[in-house]
Amino acid sequence: MKLFRMLVRSVRDAIKSVIRNFSLSLASISCITITLIIVAVAVMASYNVQNFTKAIEKDMTIVVFLDTEVNEDEIKEVEEEIDSIANVDKHTFQSKQEVKKQMQEESAVFNTVLENWDDDESPLKDTIQVKVKNVEKISNTAEKIEKIKNVSVVRYGSGMVDKMVSAFNQVEKITYGIVVALILVTVFLIINTIKLTISARKREIAIMRLVGASNFTIKTPFIIEGMILGLFGSVVPIIITTYGYLAFYKHFDGHLYSQLIQLIKPEPFMYQASLIVLAIGILVGMIGSASAVRKYLKV
């Protein structure tokens, strides 16, 4: 009960302090707002890059072309050997007749060329489409499949796939680095801004210490004050990023450049991103306040 009353009093004192030191509080809120807008953009970019990478991994397929003269038993043996490879997730067999039908449906040119070919004349081969668990190991998996008996050719877009996955991984790491760096900058700005507030209240804190107030009692209102500043500083970034991302998504019709690079749907992504921004704002405000009190006042 005593702890509850102390917390209520600390919240009341923190609110009074924010109002009483409005100009300094506004400076802190402005710092948090500006940096959190950039943090929010970086977070959304990071999540979308991660989504692009997962989409590539999900759609990435190794196409295995079998020898022309293979029977059902040999096809079954090839499938069993493919399944025995650790990185293989699943496979789908497609006969040359099914390949022919698919090509005819996809293109009028292919339909014209292939409609006069019977199965004996057709240059098409039976294929097995293989999905992998880890796209970064796709090259090694393709090499293993290529060595299997009755496998003619293996294709998966080598080179381009490796470069694309590598590029997305680098961008993802960079965005994570930007988020961390911006959070550290925000903490630094808040610490220095709150130091000014604390400096103006040295006498008040000195009196509190003289009457026997504990370090916890002195620091708690400042930590709550930092939480309040972080909360208010998160409001504008949440509004801007939420409506900004929604407009961005609608403008590009949910994808960038091609259907391969799909953007994350606004709901519930916007709410998740908003919660992340809010949590960062509150935590940064609390950490900044606690650090300023501890280091500057040596409480």
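## Overall architecture

The model is predicted. Its protein chain holds 10 helices and four strands. Read from the N terminus, the order of elements is α-α-β-α-β-α-α-β-α-β-α-α-α-α. The chain has 299 residues, of which 40% count as buried.

## Surface patches

The patch of negative charge gathers E72, D73, E77, E80, E81 and D83. One of these residues, E81, sits in helix α3, residues 72–83. E81 has a relative accessible area of 39% and is therefore partly exposed, since that class lies between the limits of 20% and 50%.

The nonpolar patch has an area of about 460 Å² and is made by V235, V236, I239, I240 and Y243.

## Aromatic pairs and cluster

A pair of aromatic rings is described by the distance of the centres and the angle of the planes. The whole structure contains four aromatic pairs. One of them joins Y245 and F269, with 5.2 Å from centre to centre and 65° between the planes, an edge-to-face arrangement. Y245 is in helix α9 and F269 in helix α10 (residues 266–297), so this pair ties together parts that are 24 residues apart in sequence. Y245 is buried at 6% relative accessibility, and F269 is buried too, with a relative accessible area of 3%.

F248 and F252 form another aromatic pair, this one tilted: the centres are 4.8 Å apart and the planes make an angle of 50°. F248 is partly exposed, its relative accessible area being 34%. F252 likewise counts as partly exposed, at 34% relative accessibility.

## Backbone exceptions

Most residues other than glycine have a negative phi, and most peptide bonds are trans. Two sites in this model depart from those patterns. The peptide bond that runs from E267 to P268 is cis, its omega being near 5°. P268 is placed in helix α10, the helix that also holds F269.

N150 is found in the loop between α6 (138–146) and β4 (151–155). Is N150 buried or exposed? With a relative accessibility of 14%, N150 counts as buried, because the limit for that class is under 20%.

## A contact across the sequence

K54 lies in helix α2, which spans residues 22–59. K54 is exposed, with a relative accessible area of 53%. V135 is 81 residues away from K54 along the chain, and the C-alpha atoms of the two are separated by 9.5 Å.

Methods:
Residues numbered from 1 in each chain as written. Predicted model: local features only at pLDDT ≥ 70, side-chain atom pairs only at ≥ 80, totals over all residues. Heavy atoms only, no water. Patch = residues over 30% accessible without salt bridge, like charges linked within 9 Å, V, L, I, M, F, W, Y side chains within 5 Å. Areas by Shrake-Rupley, 256 points an atom, 1.4 Å probe, with all protein chains shown as cover. Salt bridge = Lys/Arg side-chain N within 4 Å of Asp/Glu carboxyl O. Lys, Arg positive; Asp, Glu negative; His and termini not counted. Charge placed at Lys NZ, Arg CZ, Asp CG, Glu CD. Helix = DSSP H or I, 4+ residues; strand = E, 2+ residues; numbered from the N terminus. Buried < 20%, exposed > 50% of the residue type's maximum accessible area, 1.4 Å probe, protein only. Phe/Tyr/Trp six-rings, centres within 6.5 Å; stacked < 30°, edge-to-face > 60°.
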